[in-house]
Amino acid sequence: MTEICPVCGAEHSALFMRTRDMEYCTSDHVYEYRRCTTCDSVYLPDPPTDRLAEMYPPNYYSFGGQHHRSWIERIKSRIERRLFRRILRNIPDSSLRVLDIGGGSGWLLSEVRACDRRVTESHIVDIDPNAKPIAENAGHIYHCRTIEEFQSTRQFHFILLLNLLEHVADPVTLLGKLHSLLTSDGLLLIKTPNADTIDARLFGALYWGGLHAPRHFVLFTKKSFLRAVRQSGLVCEKFWYTQGAPQWACSVLGSLALKGWISVSKEHPMYCHPLYTPLLAVFAFFDFLRRPFSPTTQMMAILKKH
Ligand SMILES: [Zn+2]
């Protein structure tokens, strides 16, 4: 088993957690996550990149076109719309091409387009074939493939990579690819979980939702994330922490499932559990309260070229 950190290349690591797929129960395989002792990234050695179809079942939460959106997620998207508006204001071009990687049926991309009339082209790269007709009906150009497979001769003024970086085996190479896909004054918005947070320590002995095992291959700390950004030739314009309620909810429900107090199955994955949405509300509020004082469960950054 190769145990080379995919962020810094160091060979020394310590066991972080052994876990099964607690959220979708796609297999009984036990995955062993490691923590790099040099840069503190958490990663899955030899990630199962050849088993994407099994790992992302048809009932995966962002699949099926109609995204499962609780009321708390709708509030979140209203906040994100304000953020998109602020970012787009800083891109000077008269017409804008936007790319959403892992954008599903394009509901978030439609909001980006609604924020600014200059958006003339909106592209999605995603592996869900069912989202394609819905995205195309909404006027987006849909590329049904992984971001590693995606090729384009055109560059984009605004790229969204929201909760996607952690799903790829080689995030530094991906960031390098996004550098080449970005226009000279373009901006890249990234969101990824924070591995250096209180919930990782609290739930480390049972199940930490940040792993989303085995779908998250690499999890960063602020330090290792900024290191990966530098290695890719990009520059971090702005960095901040944001709430990560789904991560908390999955930590709680996964730990309860391990104790046998609740049941999760292939047919009834974790996000369908009746406690999931109430837990989202509680932890979104909790992360909102603590954000001024401590790093929360998700990191966000705006990146650009030199
Ligand atoms: Zn490392």
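Mentor: Start with Y43: its bridge partner in β9 is V218. Residues are numbered from 1 along each chain, as its sequence is written. The model is predicted, so local features need pLDDT of at least 70 and side-chain atom pairs count only at pLDDT 80 or more, while totals for chains, interfaces and linings use all residues.

Strand β3 (residues 42–43) and β9 run antiparallel, joined by two bridges. Two strands pair if DSSP finds at least two bridges between them. Strands are DSSP runs (E, at least two residues) and helices are runs of H or I (at least four), numbered from the N terminus. This pair belongs to an open sheet of four strands, ordered β1-β2-β3-β9, with antiparallel pairing. β1 (13–19) and β9 (218–219) stand at its edges with a single partner strand each, so one side of each has no neighbour in the sheet.

Now the other sheet. It is open, has seven strands and runs β6-β5-β4-β7-β8-β11-β10, with mixed pairing. Its edges are β6 (141–144) and β10, each with a single partner strand, so one side of each is left without a neighbour in the sheet. The twist averages 15° from one strand to the next; axes are lines fitted to C-alpha atoms, for helices over the stretch in contact, and angles run from 0 to 180 degrees between N-to-C directions.

Go to β4 (residues 96–101). Six of its six residues are buried. Buried means 20 or more other C-beta atoms within 10 Å of a residue's own; 12 or fewer is exposed, and in between is partly exposed, with C-beta atoms placed from the backbone. In a regular strand the side chains alternate between the two faces of the sheet. Both faces of β4 are covered: L96, V98 and D100 on one side, R97, L99 and I101 on the other.

β4 has parallel links to two strands. Six bridges join β4 to β5 (residues 119–126), where L96 is partnered by V119. Three bridges join β4 to β7 (residues 156–162), and there L99 is partnered by I159.

β4, helix α3 (residues 107–115) and β5 form a right-handed β-α-β unit. Right-handed means that, with the strands pointing away from the viewer, the path from the first strand over the helix to the second runs clockwise. β5 in turn runs parallel to β6 over four bridges, with V125 opposite H143. The chain gets there through helix α4 (residues 131–137), in a right-handed crossover.

I159 also matters for the core. The largest nonpolar core has 76 residues, and I159, L161, L188 and A249 have the most contacts inside it. Such a core is a set of buried Ala, Val, Leu, Ile, Met, Phe, Trp, Tyr and Cys residues joined through C-beta atoms within 7 Å. Helix α8 (residues 245–258) gives the most to this core, with seven residues. L161 touches I101, L178, L188, L189 and I190, leaving out residues up to four places away in sequence. Contact means backbone-placed C-beta atoms within 7 Å.

Finish at the β10 end. β10 and β11 are antiparallel over seven bridges, with Y241 partnered by M299. Helix α7 (residues 222–231) has four listed buried residues: S224, F225, A228 and V229. They fall within an arc of 145° (directions from the helix axis to the C-beta atoms), so they line one face of the helix. They pack against α5 (171–181), β8 (182–193), β10 (235–242) and β11 (298–304). Just after α7, G233 takes a positive phi of about 90°.

How values were computed:
Contact = placed C-beta atoms within 7 Å.
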